[in-house]
Amino acid sequence: MATIIGAIEENLTMTGTKVRRICLTATFALFVSACGGGESDSESGPNSRDPATLAQFATLSKYKIEERLRDPSSAVYRSVNIYEHPNSDGGVVFCGEVNARNGFGGMGGFERFVATPTIAAIESMGSAEFQSGWNKFCVSSRFIEAAAWF
């Protein structure tokens with residue numbers, strides 16, 4: 001983490017786009033590492049398939065997605081699915097698409113997201129890094145259910 005911060009501080013003279021790309025890449029790297037390591041505590045933790053627990057996880061995950069949007073109140077979700085991933089927060093990952101207003105006031109178009117109750121990644125953060133996370137959490141993980149209520 002210190003090396004990421006150091007790299008950002010050293011490159012403050014770079015254009016805003018390059019600095020933003022570095023920050024977003026670092027954020028996604030933290031997302032992947034947070035969900036990819038450690039032991040599962042599914043036996044001692046809450047039942048992640050309980051509807052009330054899933055609803056709570058969904059609310060927290062939406063909050064994390066909307067933190068990344070310019071106009072969170074305009075967020076529209078579609079094609080949201082829930083996947084089981086034992087090393088993620090709560091044992092579940094939400095994958096889907098989100099559309100929200102951009103800086104010009106128009107809708108930016110749907111883009112994919114991966115979210116847990118503690119962190120979220122959106123496709124515009126970086127295509128290569130995002131695709132790796134999407135494949136790990138939304139393609140190769142075990143499907144639980146479609147979340148039309150998300």
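The protein contains four helices and five strands. Helices (H or I, at least four residues) and strands (E, at least two) are DSSP runs, numbered from the N terminus. The order of elements from the N terminus is α-α-α-β-β-β-β-α-β. The model is predicted: local features need pLDDT of at least 70, side-chain atom pairs count only at pLDDT 80 or more, and totals for chains, interfaces and linings use all residues. Residues are numbered from 1 along each chain as its sequence is written, and side-chain values use heavy atoms, with hydrogens and water left out.

Of the 150 residues in the protein, 36% are buried. Buried means under 20% relative accessible area, exposed over 50%, and partly exposed in between (1.4 Å probe, protein chains only). The protein exposes about 8,400 Å², with 53% supplied by carbon and sulfur atoms. Accessible areas come from the Shrake-Rupley method with a 1.4 Å probe; for residues, only the protein chains shown count as cover. Among contacts with a separation of 6 or more, 59% join residues 24 or more positions apart. Contact means heavy atoms within 4.5 Å.

The largest nonpolar core has 30 residues. Such a core is a set of buried Ala, Val, Leu, Ile, Met, Phe, Trp, Tyr and Cys residues joined through side-chain atoms within 4.5 Å. Ile65, Tyr77, Phe94, Phe113, Val114 and Phe150 touch the most other members. At least two core residues come from each of helix 3 (51–66), strand 1, strand 2, strand 3 (111–115), strand 4 (120–122) and helix 4. Strand 2 gives the largest share, six residues. Beyond its neighbours within four places in sequence, Ile65 contacts Tyr77, Val98, Phe113, Ala115, Ala120, Ile122 and Phe150.

One disulfide is present. The term covers a pair of cysteine sulfur atoms within 2.5 Å. The partners are Cys95 and Cys138, with sulfur atoms 1.8 Å apart. Cys95 lies in strand 2 (residues 92–101) and Cys138 in helix 4 (residues 127–139), so the bond ties together parts 43 residues apart in sequence. The torsion about the S-S bond is about -80°, so the disulfide is left-handed. Cys95 is buried at 2% relative accessibility. Cys138 is buried too, at 6%.

The structure holds four salt bridges. Each is a side-chain nitrogen of Lys or Arg within 4 Å of a carboxyl oxygen of Asp or Glu. One of them pairs Glu97 with Arg78, the closest N and O atoms being 2.5 Å apart. This pair links strand 2 to strand 1, across 19 residues. Arg78 is partly exposed, at 39%. Another joins Glu84 and Arg142 (3.1 Å, N to O). Here Glu84 in strand 1 and Arg142 in strand 5 (residues 142–146) are 58 residues apart. Glu84 is partly exposed at 27% relative accessibility, and Arg142 is partly exposed at 46%. Glu123 also forms a salt bridge with Arg112, with the closest N and O atoms 3.0 Å apart. Glu123 is in the loop between strand 4 and helix 4, and Arg112 is in strand 3, eleven residues apart. Glu123 is partly exposed at 27%, whereas Arg112 is buried at 17%.

Strand 1 (residues 71–84) also includes Val76. Val76, Met107 and Phe110 form a nonpolar surface patch with about 220 Å² of accessible area together. Patches are made of residues with over 30% relative accessible area and no salt bridge; like charges are joined within 9 Å, nonpolar side chains (Val, Leu, Ile, Met, Phe, Trp, Tyr) within 5 Å. Val76 is partly exposed, at 39% relative accessibility. Ser79 lies in strand 1 as well. Its phi is near 55°, a positive value in a residue other than glycine. Most residues other than glycine have a negative phi.
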